[in-house]
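Please go through the model below and answer some questions about its fold, its surroundings and its backbone.

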Amino acid sequence: MALLTEYALTPDIFDTRFYPHEEVGTARLEYLKDVFLEEALLRNLRAGEWLSVFRNHDRPWHRRGMELLKKMLKQNRLRLAENALPAAPASDVDWCLEALASHQIDTLTGVISTAQVMDKVGTDPILGRIDRLGSSLCWASRTPSVRLARCHGDYEAQLRLIMNSANSVMFIDPHLDPTRRRYADVLPLLLLAQGRRPVPLIEIHRVVYVGSGRNRQLIDSGEWERRFRDAWGNDLASAGLKVEIFVWDDHHDRYLITDLIGIEMGNGYDTTSNPNDITTWSRIGRKDRDDIQREFDPAANRHVLRHRFTVP
């Protein structure tokens, strides 16, 4: 299970008529809110037609549901998906079928709907009922941390959705060096963002020195520029991407900080060929994520910025 998840919802979840009382709808939508504003994306099916459904003011949309959608839009948590079925959906059941078809094209974590829709669609492991989410596999399998092999395949599985969706991405690893073999898999992770418009803001944060203790050696600014540009410049230029490199006096922990999610990385971004070498990545709460982002803002003066440049 990825730390950043993606769900599709059928429109009836936001319709007050599908709840016995408005307060029940409020409770269900509050439950969704806690997840969707911290750890999940919502698939905006048929290139945004799904969201357009809520312009139909003949349906009694729940106020809390509309507030949630507005917040998710503001926070970049709706992800566009192309048409999956030939015909445009004309009912909530049709939207469920569209979501299931979209899942076959690009895997979803789950499709959440109501009992009324699911009774007509039938059973599917990817489906979850809004009133029984606790027992739905697609919902209950969410996790705040993952154990993964220190290899490109496991890293990409966790980061693909993030690199395809986030507007800002900070790779924070004090020892990230593109000339070292153990960091060779970082560039392919960056290239997951190619083809996006607008292009996301991507940053790398590392320290000015290499080694540790008595073997610590300061590397001058020109050398850091040469290393990153020689290793990444041509590939990033071909992909239409730009990466800003921040070289600091010192820092220790390793993170991925984005506008969608923050991840603490036990061992950073380096990989190994040893299949038994396992690391742990954990999702960071919004408050701490924002604090880490501020920590690596040059204006905060919490570290001394030694150099700053862009590649290519």
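The questions and answers below concern a predicted model.

Q: What is the radius of gyration of the protein chain, and what does the globule rule give for 312 residues?
A: The protein chain has 10 helices and 15 strands. The globule rule gives 20 Å for 312 residues, and the chain comes close to that, so it is as compact as a globular protein of that length. Its C-alpha trace spans about 70 × 40 × 35 Å along the principal axes. The radius of gyration is 22 Å.

Q: What percentage of the contacts with a separation of 6 or more is between residues 24 or more positions apart?
A: Of the 312 residues in the protein chain, 50% are buried. Among contacts with a separation of 6 or more, the share from residues 24 or more positions apart is 76%.

Q: What share of the accessible surface belongs to carbon and sulfur atoms?
A: The accessible surface of the protein chain comes to about 14800 Å². The part that belongs to carbon and sulfur atoms is 46%.

Q: How many Å apart are the mean positions of the positive and negative charges?
A: The protein chain carries 42 positive and 44 negative charges. The distance between their mean positions is 2 Å.

Q: How many of the 14 residues of helix 4 are buried?
A: Helix 4 covers residues 92–105 and reaches 20 Å from its first C-alpha to its last, close to the 20 Å expected. Its buried residues include Trp-95, Cys-96, Leu-100 and His-103. Helix 4 is largely enclosed by the rest of the structure, because the number of buried residues is 10.

Q: Which strands and helices do the buried residues of helix 4 pack against?
A: Asp-92 and Val-93 are among the buried residues of helix 4, as are Glu-98 and Ala-99. The helices that the buried residues pack against are helix 2 (49–52) and helix 5 (115–121). The strands are strand 1 (5–9), strand 2 (40–44), strand 4 (110–113) and strand 5 (127–129).

Q: Is Ser-113 buried or exposed?
A: Ser-113 belongs to strand 4. Beyond its neighbours within four places in sequence, Ser-113 is in contact with Thr-10, Asp-12, Ile-13, Met-118, Gly-128, Arg-129 and Ile-130. At 0% relative accessibility, Ser-113 is buried.

Q: How far apart in space are Ile-172 and Met-118, C-alpha to C-alpha?
A: Ile-172 is in strand 7 (residues 168–172), and its relative accessible area of 0% makes it buried. Not counting residues up to four places away in sequence, Ile-172 touches His-205, His-251, Asp-253, Arg-254, Tyr-255, Ile-257, Tyr-269, Ile-292 and Phe-296. Ile-172 and Met-118 are 54 residues apart in sequence, and their C-alpha separation in space is 43 Å.

Q: Which residues is Pro-60 in contact with, leaving aside its neighbours within four places in sequence?
A: Pro-60 is in the loop between helix 2 and helix 3 (63–74), and at 31% relative accessibility it counts as partly exposed. From Pro-60 to Phe-228 there are 168 residues in sequence and 55 Å in space, C-alpha to C-alpha. With those neighbours left aside, the contacts of Pro-60 are Phe-14, Asp-15, Thr-16 and Arg-17.

Q: What is omega for the cis peptide bond that joins Arg-197 and Pro-198?
A: Most peptide bonds are trans. Pro-198 is in the loop between helix 8 (186–190) and strand 8 (201–207). The bond that joins Arg-197 and Pro-198 is cis, with omega about 0°.

Q: What is omega near for the peptide bond from Val-311 to Pro-312?
A: Pro-312 is in the segment after strand 15 (305–311). The peptide bond from Val-311 to Pro-312 is cis, and its omega is near -5°.

Q: Is Arg-46 buried or exposed?
A: Arg-46 lies in the loop between strand 2 and helix 2. Arg-46 is not a glycine, although it has a positive phi of about 55°. Buried means under 20% relative accessible area. At 4% relative accessibility, Arg-46 is buried.

Q: What value is phi of Asn-301 near?
A: Most residues other than glycine have a negative phi. Asn-301 is in the loop between helix 10 (286–295) and strand 15, and at 65% relative accessibility it counts as exposed. Asn-301 is a residue other than glycine with a positive phi, near 60°.

Key. Residues are numbered from 1 along each chain as its sequence is written. This is a predicted model: local features need pLDDT of at least 70, side-chain atom pairs count only at pLDDT 80 or more; totals for chains, interfaces and linings use all residues. Side-chain values use heavy atoms; hydrogens and water are left out. Helices (H or I, at least four residues) and strands (E, at least two) are DSSP runs, numbered from the N terminus. The radius of gyration is taken over C-alpha atoms; the globule rule is 2.2 Å times the number of residues to the power 0.38. Buried means under 20% relative accessible area, exposed over 50%, partly exposed in between (1.4 Å probe, protein chains only). Contact means heavy atoms within 4.5 Å. Accessible areas come from the Shrake-Rupley method with a 1.4 Å probe; for residues, only the protein chains shown count as cover. Lys and Arg count as positive and Asp and Glu as negative; His and the chain ends are not counted. The place of a charge is taken as NZ of Lys, CZ of Arg, CG of Asp or CD of Glu. The expected span of a helix is 1.5 Å times one less than its number of residues.
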